[in-house]
Amino acid sequence: MYKKKDLSIDFLGIHLDSPFVLSAAPPTDELEIAYNGLKAGWAGVILKTTSVEGNPVELKYPMMSSFGPMHKKVVGLGNIDLISAYHIDEVERRVKALKKAFPNKMIAASIMGATKEQWQTLVWRLKKAGADLIECSFSCPQGSMGEEPGKMLAQSVEATEKVTRWVKEAAGDTPVLIKITPQVTDIVEVAKAVKRGGADGITASNTVPSLLGIDIKTFEPYPNVFGKGAYSGLSGPAIKPLTLRTIAEIAKNVDIVISGNGGAFNWRDAVEFMAVGASNVQFCTLPMHYGFRTIRDLKDGLAHYLMDMGFNSPMDIVGKALPNIEPQEELPAPITKAEINEDKCIGCGLCYAACSDGGHLAIEWDSNKRRPHVNEDKCVGCAMCMQVCPVDAIRMKEKIDGQLHYFVEER
Amino acid sequence: MEEIEKTLTKEQALIEAERCLYCYDAPCEKACPAHVPIPEFIQSIRSGDLRGGREIIEEAHPLIESCGRICPEESFCQSACTRAQIDSPIKIRELHRYITDHTDPAENLELPPANKGKIAIIGGGPAGLACARELRRMGYEPVVFEKKQLGGVPAQEISPTRFPREIEQKEVKFLHQYFITDVKDGKVKSLSDIKGDYKAIFIATGLINELDLDIPGVSLSGVHHAREILRRVKAGNNSGLGKRIGVIGGGNVAVEVASVLMLEDPKRDVEVIYRRGLKELKAFKKEIEEAIDVGVTFQFLAIPKEIKGENGKVSGIVVTRAHLGEPDESGRRHPEPIPNSNFFIPLSDVVIAIGQKASDFFPEVEKDRKGLIKVNDDMMTSVKGVFAGGDIVRGASTVVESVADGKKAAKAIVKFLEGGE
């Protein structure tokens, strides 16, 4: 009924009908579920990470837990999942079946090995099965099956480069993505190692090592596996700002294609990921929470955004924000003052409380009228008041040499 | 009769608590006559420390079980809620009730020794109990004179469908146990009836007598006073009324007694007969809605003329149709009778609920023309050392306003006895 905007992109030579693909995770661990995801309109799947025979996968249940305020339980989702329990033979069959059913979708596979032989065997078998792309998990936080148990492969620059090279040797012209962890001292060094190793791109980034919570009566952790618990990989909205920084930092310093992953929960998040350098965006927690139907809003929202902005392709967004991201010391130094919109103000006094106890005593409070007033002599422009205003009635007015600029946060 | 309103579920309470903006200098708290620190107790719901929430409310308000149920929140805290400017006000009373329903009275009390002397408190209703508790907290020994039972109107007359007996008793028992030195049931009609060594007196008798309708037939059998019926039902007895009841009046008591009688026997017809219209009803919105829900009907713009009887027993009422004229001194439009519009409504019983009046007790203190006791800014009457508060000063009002009076009077009494602020 409505004319749809073309959202297709070319990702490492692969046609994607939108930038939105399902990441290597539970939604791609059953043939039927992956099939449903593609049918619902996702542009591609990366099947859940597989390994070779001889590496038994011992999953522990329950494996999921979450945190957030009551009405929004899943601000962060944690899992102690491991790689797929399915044998490589089965994953091969699935690649073939999905490729046959969806010739125009991206069917990718994710792998994890220990030895050179394992990595290369996996690549060879999946490539032969017809996988469009191979993603290598260098970063499963819940116990690695890499060569140093307990440590993630992508936490070692040398190992990252070495294993990337092994994989790419076997992959040949099949594109390879290396999925890294944000939990490193210097993400740029790791990204450079991936590039030196010859990979086609980086998936930035995996879940963040975390501890979801503790039952304060029994002192048992979450998720609670018969009284015991382990560290979880954290995903969902909570990690979006971390991912955004990871992507930006790689994009600014290394010339490599990036697949954004980790914390995108709607099309706006995806646009942000792309604006700092991601060429496509992977999703997992969103469809796990609300189902594959969420693809409609992702695509519609992106399409309408592109039209409003006058962009032809999603690729027009990629990297758009990067020139504006600078080290703190390089930033301009405007004279900044809070500006309160009296018509929007509802008189809750939260800005006054924030400025009084956590700012600069620069907001005065008229108790009778219930209205705050900015004392510009004291206001340094920190923007704490703006953060607490429930109706976005405060913006920051920035001035340099008579030129005006405003800081407002679009929601 | 079961309580109608259900307590919030944990999910509802948390979502509602999360909506609270936690305003600085909170307007809800200022609008509450007892100044309950509302954002603070809502924060304790968010954090999961309901006991802390109860302590916060109890500090400010001794009758916290009643107010979580019967406070007309739309007139006080909720009318000031900032959140209403975004969408709708926080359900403050229901959050308050969520706390009281999930906690017991805090018995970890730390009270000073009661050694500063006895204060006589005449009347064990909300004003008297609030005053007693404040005085006990400041080291005095409150002695309450009450000829019925402690708790006042909420305990004795408010429908068990809105305020169940066991909940009310939990509240009153707690106050009695910890804050009242003695309860005397002697009938006190004048200051000279108060025998003993009391440092001050607080009169909080409330309004005891009900107004009578000035029309023929009021002495027929089958004509009742509303509060009498409410007391009977609240005490667990049957009202004893028949199948077609007319309730005359338009205030909270009229609507309440109509609901109670309807709930007692849903096969009855209960009709509120009121001389003005729906807009002029003085009852709280929630009570009107509840009455309509249970099946009470309303006969608006009907002025009672004569109660008719057969063999000394009520057979019906003659009313005149009215239309609304100009606003009168109450600010509401005045009902004017339409000539030759009399009609007859057959009834088995007539319940009069047109208001209450002050008694002629305490002739020693100065009163206004309605018989209400006059007090100064410190709640002191014309007699030095004698204070008064609650309905006997304000006229018919709410529990929370009486509580506010009791608290204020206690502070004034201490100031009077000890000097200073």
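Helices (H or I, at least four residues) and strands (E, at least two) are DSSP runs, numbered from the N terminus. What you're looking at is a predicted model, in which local features need pLDDT of at least 70, side-chain atom pairs count only at pLDDT 80 or more, and totals for chains, interfaces and linings use all residues. Residues are numbered from 1 along each chain as its sequence is written, while chains are lettered from A and ligands numbered from 1 in the order in which they are written. Chain A holds a barrel of eight strands, and chain B has an open sheet of five strands.

- Two strands count as paired if DSSP finds at least two bridges between them.
- On average, neighbouring strands here are turned by 30° against each other, direction ignored. Axes are lines fitted to C-alpha atoms, for helices over the stretch in contact, and angles run from 0 to 180 degrees between N-to-C directions.
- Take β8 (residues 133-137) and β9 (residues 176-180) of chain A: four bridges link them in the parallel sense. Here Ser137(A) sits opposite Lys179(A) of β9(A).
- Helix α4 (residues 157-171) of chain A packs on this sheet and touches β8 and β9 of chain A, with its direction at about 155° to that of β9(A). Contact means that the C-beta atoms of two residues, placed from the backbone, lie within 7 Å.

- Most residues other than glycine have a negative phi, and most peptide bonds are trans.
- Tyr61(A) and Pro62(A) are joined by a cis peptide bond, with omega about -5°. You'll find Pro62(A) in the loop between β4 (44-50) and β5 (64-67) of chain A.
- Another cis bond runs from Tyr222(A) to Pro223(A), with omega near -10°. Pro223(A) has its place in the loop between β13 (221-222) and β14 (232-235) of chain A.
- Leu361(A) isn't a glycine, yet its phi is positive, near 50°. This residue is in the loop between α10 (350-358) and β18 (363-366) of chain A.
- Arg370(A) also isn't a glycine, and its phi is positive at about 55°. Look for Arg370(A) in the loop between β18 and β19 (371-374) of chain A.
- Leu361(A) counts as exposed because it has 12 other C-beta atoms within 10 Å. Arg370(A) counts as buried because it has 20 other C-beta atoms within 10 Å. The cut-offs are 20 or more other C-beta atoms within 10 Å for buried, 12 or fewer for exposed, and partly exposed in between, with C-beta atoms placed from the backbone.

**The open sheet in chain B**

- The strands line up as β3-β2-β1-β4-β15 (chain B), with parallel pairing. At the edges are β3 (182-184) and β15 (386-388) of chain B, each pairing on one side only.
- β1 (residues 118-122) and β2 (residues 141-145) of chain B run parallel and are joined by five bridges. Ile121(B) stands across from Val144(B) in β2(B).
- α14(B) packs on the sheet, where it touches β1, β4 (200-203) and β15 of chain B, and its direction makes about 160° with that of β4(B).

**Nonpolar cores**

- The largest nonpolar core has 100 residues, and Ile121(B), Phe202(B) and Ile203(B) are among those touching the most other members. Such a core is a set of buried Ala, Val, Leu, Ile, Met, Phe, Trp, Tyr and Cys residues joined through C-beta atoms within 7 Å.
- Helix α14 (residues 399-418) of chain B gives this core the most, with nine residues.
- Apart from that core lies another, of 82 residues, including Met106(A) and Phe265(A).

- Seven residues from domain 2 and nine residues from domain 3 of chain B make up their contact.
- Glu326(B) belongs to strand β11 (residues 313-327) of chain B. This residue counts as exposed because it has 7 other C-beta atoms within 10 Å.
- Leaving aside neighbours within four places in sequence, Glu326(B) is in contact with Arg333(B) and His334(B).
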